[in-house]
Amino acid sequence: MERPTSANPLLILAMDQRDSFAKLFGTEEADATTAQVQQMRTAKSLVYRGVAAVADQVEGAQIGVLTDEEYGPDVLTQAKADGRVLAYPVEKSGQKLFDLEYGDQTPEHVARWGPDYVKVLVRMNPEDDPAGTQDQLDRLKALSALLHEQSLPFLFELLVPASDAQLASVGGDSTAYDRDVRPGLVVQVIEAVQAAGVEPTLWKIEGLETTEAAQQIVAAAHAGGRDADCIVLGRDAPQATLDHWLQVAAGVDGFVGFAIGRSIWKEPLEQYLEDGDEPTFLRTVGQNYLHYVRTYLAAR
């Protein structure tokens, strides 16, 4: 794996959803039957096939895949065989506070798949309960130390959901929160994470409305001479919104790619579950991925 750069970005197909993915199949993760699990595994394999079919049209970038072992084991195996950059999640799905899916067995699970990045998803806001935040930071520090000991790159997905007071401060306007409030909160959280001894290799950041906000967040990631970069995530945004986020990020040094999931495959999957039209599903997924690849590359 080559380190991603502005000139050779990492463009990740994200499909590590578990809790929310099960809901698309009319079940809960804990309640899924053997047949439903197999159906979900088949669906994730089809999503990957849709992107693999257009891989030869991606030039000047690295294709990455982020998926889980619960519903994506075949994708993990195939993507590795295909030479894709592989990212593997270790957090429990659908939790408000970060915890490890496999606890003390995490190193064994990571070693089994041999990913290029170990990924966590963390929800954190400066207004959160301090005790809960500290619990998260303690777990993240232990994981960060483990990964650095093993020279495993650490992909840190940071979500900063608005508190009621923060949203009220912009009249309940979520776009205004994203533009005017969230960037400063992201910087505060990055600083707190760093101060706790947690050192990501890549920060996976929610889309930003302005170049200035993206520059501010890169500066926080680089604080103290840190050798860390950022990628932008999709957050199931509509295409026009996500195009804007990609265009903002691609033009800022220190952003080196994206990780997009549901915006690529959710609607095609819902249609496929209704009509069973596999060729259309594969074609649409591939076209959606290429759209975001071309949007990002054109904006650099």
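Biologist: Glutamate 91 and lysine 119, buried or exposed?
Modeller: Both glutamate 91 and lysine 119 are buried. Keep in mind that this is a predicted model.

Biologist: What do the side chains of glutamate 91 and lysine 119 form where they meet?
Modeller: They form a salt bridge, 2.7 Å from N to O.

Biologist: Where do glutamate 91 and lysine 119 lie?
Modeller: Glutamate 91 is in the loop between strand 3 (85–89) and helix 4 (106–113), and lysine 119 is in strand 4 (residues 117–123), so the pair ties together parts that are 28 residues apart in sequence.

Biologist: OK, next one. Which residue does arginine 226 form a salt bridge with?
Modeller: Its partner is glutamate 199, with the closest N and O atoms 2.8 Å apart.

Biologist: Which residues do salt bridges with shared partners join into one network?
Modeller: Asp16, Arg18, Glu91, Lys119, Glu157 and Lys204.

Biologist: How many salt bridges in the whole structure?
Modeller: The search finds 20. One of the pairs is arginine 49 with glutamate 278, where the closest N and O atoms are 3.4 Å apart.

Biologist: How many residues apart in sequence are the parts that pair ties together?
Modeller: 229, because arginine 49 lies in helix 2 (residues 34–52) and glutamate 278 in helix 11. Arginine 49 is partly exposed at 43% relative accessibility. Glutamate 278 is partly exposed at 28%.

Biologist: Switching to helix 9. How many residues does helix 9 have, and what span does it reach?
Modeller: Helix 9 covers residues 239–250, which is 12 residues. From first C-alpha to last it reaches 16 Å, close to the 16 Å expected at 1.5 Å a residue.

Biologist: Which residues in helix 9 are buried?
Modeller: Leu242, Asp243, Trp245, Leu246, Val248, Ala249 and Ala250.

Biologist: What covers the buried residues of helix 9?
Modeller: The cover includes helix 7 (174–195), helix 8 (211–221), helix 10 (262–275) and helix 11 (278–298). Strand 7 (229–233) and strand 8 (255–260) are also among the covering elements.

Note on methods:
Residues are numbered from 1 along each chain as its sequence is written. This is a predicted model: local features need pLDDT of at least 70, side-chain atom pairs count only at pLDDT 80 or more; totals for chains, interfaces and linings use all residues. Side-chain values use heavy atoms; hydrogens and water are left out. Helices (H or I, at least four residues) and strands (E, at least two) are DSSP runs, numbered from the N terminus. The expected span of a helix is 1.5 Å times one less than its number of residues. Buried means under 20% relative accessible area, exposed over 50%, partly exposed in between (1.4 Å probe, protein chains only). Contact means heavy atoms within 4.5 Å. A salt bridge is a side-chain nitrogen of Lys or Arg within 4 Å of a carboxyl oxygen of Asp or Glu.
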